[in-house]
Amino acid sequence: MDKASEHSFLKENDLKVVAAWKSIDAFGLGFLALTVSAGLAFASQVSAKDQRGEYEKLMRAGDDLLHQGERERLAGESARHPGNFDDALPHYDKAIELDEEALGLFKSAENYAPQDHKKHAVFFEGVALIEKGQAIVSYNMATKNLKRGAPRVFCTALYEIKRSIALGMTPKANSSFFFELGLALMGAGEYEQGIQVLDQFLASHQGNPTQQRQAEALRDSAQKAINAAKQITPSPACGKALVPIKAPTKEDKPAPSAKQTESQIVYSITTGVGYDGNVTKLGRGLRLPEGLTGKGAAFNETILSLEGDWFLHHTKGDDDLIDKLAVSYAIIHDAYDEHSDSNNLGQTGLINYCHVITPRLCMGFLIGDTWLRDDTKNLSNTLAPQANLSYRESDQLTTKISYTLAWAKYFTPSTPLTTLDGFTNRVALEQSFIAIQAYRTWSPGLTVTGQYGQEWTTTDGIVGDRQRENPLVKAEWVIFGARDSCSFVRSVTFASSYEYRHDEYCNATFPNLSATNRYKRRDDTHLADFAVSIKMWYDERMKNRLEAILGYKSITDNSNVPAKAFDDPRFVASLKFNF
Amino acid sequence: MFHRYFSLATGLLLLAGKLVDAQGDAQDRTQSFFDNNKSADVINPDRAITDKGRPSPAPVQESALPPLTGVSEGKFTKASAKEIRKLRSQKEIFVKEKVSKKKRLEENVAGIKAAMLDEPKITKQAEKDWEKTPTGRKLKRLEHGTTTGSTLPALTY
């Protein structure tokens, strides 16, 4: 019902009500009750008829708008194909507007529809949404300024078509049923199911030739894309924008990169609670200091991160290479229950420039600084520039070599002999291997990384001079990866790492500097880290809005200094929000 | 004099001995902070196994498939044009034959003169008869599909 007819309908009913009240007199109440009952019974009969008429009228009006919308979209396509992108956009906009109006009419029709006809109204709500989604997709192929909403629209279309099935919709009730279901599945990114449904549509020989040809074209392009997705393709060496800018295209295939500088600013806030089994890293067998009720404590961890990224395109031969400049800042606060002396406030700034020399070779330079304090005083500042070189030996294997020079400054009291201020030189060799990369929902990815690092620390004093051997192995297994954009859970990943640190101190400074039988400190530390990360809530820009992270760490330090040998298990459950 | 220097040196060493722990703690505490927050470890930033401390989300395992693309009518017009031309000529022959057959029948049986016959009506009837044939239905479907290029389902309610 349009607004004008709705208004006149209400007005008419108002007049009837007023007339009814006027007719009440003192002796006619019983008669009035009888009249009202009869009137209502009559009204309901008339109303049922009117409702059916209104339903059919709305369905026809909606269908008419859908056809108008389609004509506008095709007019846009006719303008886009010869490259008249500016002319095409208003047609797509108009098509979207008409499809939305049609959707509104079908929704109204659903309200008026007799129960056994609701399925048609709901089905056409899905059709209107598919048309809108197609118009947005076409719009985005004619401009760099993307219009958002297509994935959500296709997911809603899929939902509506499934709802129509629940109401009794079948291919018999509408010969284009499989075609529309196939389009909704394809639009939502569920290509394999989409292909199956379109195959059913083609096998049924229903629909018009245009539908059949579109079904064939979509099925073939989706099959090719699935085959391509099954190949192992490492992501660009330095990364790529979350929403890369695409050049307008005349073709009916994915738009190519615009090859222009892209930038993005991303923020995240993470907060979690956990339990640390040994907050102060108390040595094994040592007595608990006075005032503490236990070694372990619950804690809260909050992290705020900001990052600005710039992606710079340059070409080498036919290759489009993307450099990345990232500037980030993070503030981290750990607050321990009943161990407030151990609270930490860390601030980290990072500037990272990654330059792609060839598609296989890239070099990077980064400089990071972490300033650490507790609740009352500064503890340390670590400034660390790093240069690195990465080489992709194959699609699966990448090797990286890096050199870091870190300068550490400690703010706690010291003497010339005990000062720890100084430099750490670190060289590291890292290899990453993509063991699994597959186009499937379960276990689509597994990456294993091995790293060996060697460090030399020289300080202004004699206490902190040491050498470190530091092998590390980590694995990231994607247990579940959603392929459509409708699933709330986007991915489930299990990651783990094992790190071994052998610290060999250079000078004999223990048990203390005044002791006669001093010895050198030597630490063997084992660090195991496990995390399950559940990414949720699809978003076109951020890819996922929400992330739940469950982590468990275990540190075992076997130092030859009894006070330094400790065990520390730590569990934390966090929620991260990207925006 | 010697005692004074000895006492001073001993005092300094004792103080230094106490400060070793404090200093060691600062170094160990910084290391501990890096172990608990690996993304903040600027000496080895590749240790982290989650992107908790990084706003930039790690690549999500998502479909690398292209977006749904529309198919415009132009492609179909070209592909179907030949078949439509063929069916239209068949229609022409069918209608002509039907009309002339009807004319002969009317003239012979009813004795109506050719000039008196309602030819447009006969032609219209012949066209209707054509549409009832399988080839007639095929032509109609093709014409509908190519002239509108519509992928919309027929309205049902």
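Student: What makes the confidence in chain A a matter of numbers, and what is the average pLDDT?

Tutor: Chain A averages a pLDDT of 87, and 91% of its residues score at least 70. The term pLDDT denotes the predictor's confidence in each residue, on a scale from 0 to 100. This is a predicted model, in which local features need pLDDT of at least 70 and side-chain atom pairs count only at pLDDT 80 or more, while totals for chains, interfaces and linings use all residues. Residues are numbered from 1 along each chain as its sequence is written, and chains are lettered from A and ligands numbered from 1 in the order in which they are written.

Student: How does chain A stand against the value for a compact globule of 579 residues?

Tutor: Chain A has a radius of gyration of 33 Å, whereas a compact globule of 579 residues would have one near 25 Å. The radius is taken over C-alpha atoms, and the globule rule is 2.2 Å times the number of residues to the power 0.38. Along the principal axes, the C-alpha atoms of chain A fill a box of roughly 115 × 75 × 40 Å.

Student: Which domains does the assignment give for chain A?

Tutor: It gives domain 1 (3-169) and domain 2 (262-578); such bounds come from an automatic or database domain assignment. The C-alpha centres of domain 1 and domain 2 of chain A lie 55 Å apart. The contact takes four residues from each side, domain 1 and domain 2 of chain A.

Student: What makes a segment of chain A a helix or a strand, and how many of each are there?

Tutor: Helices are DSSP runs of H or I with at least four residues, strands are DSSP runs of E with at least two, and both are numbered from the N terminus. Under this rule chain A comes to eight helices and 14 strands.

Student: Why are strand E5 and strand E6 of chain A said to pair?

Tutor: Two strands pair if DSSP finds at least two bridges between them. Strand E5 (residues 361-373) and strand E6 (residues 378-392) of chain A have 13 bridges in the antiparallel sense, and therefore meet the condition. One of the bridges joins A:Leu361 to A:Tyr391 in E6(A), and a hairpin of four residues leads from E5(A) to E6(A).

Student: How many bridges does E6(A) have with strand E7 of chain A?

Tutor: E6(A) and strand E7 (residues 397-410) pair in the antiparallel sense over 11 bridges. A:Tyr391 has A:Thr399 as its bridge partner in E7(A). A hairpin through four residues also joins E6(A) to E7(A).

Student: Why is helix H6 of chain A called mostly covered?

Tutor: A residue is buried if 20 or more other C-beta atoms lie within 10 Å of its own, exposed if 12 or fewer, and partly exposed in between, with C-beta atoms placed from the backbone. In helix H6 (residues 177-187) of chain A, 11 of the 11 residues are buried, and the helix is therefore called mostly covered. Among them are A:Phe177, A:Glu180 and A:Gly187. The buried residues of H6(A) pack against helix H4 (118-140), helix H5 (150-166), helix H7 (191-204) and helix H8 (209-229) of chain A. After H6(A) comes A:Gly189, whose phi is positive, near 95°. Across chain A, buried residues make up 39% of the 579 residues.

Student: How many helices and strands are there in chain B, and which helix has the lowest confidence?

Tutor: Chain B has four helices and zero strands. Confidence is lowest in H1(B), at a mean of 63, and highest in helix H3 (residues 119-132) of chain B, at 83. Chain B averages a pLDDT of 71, with 57% of the residues scoring at least 70.

Conventions. Contact = placed C-beta atoms within 7 Å.
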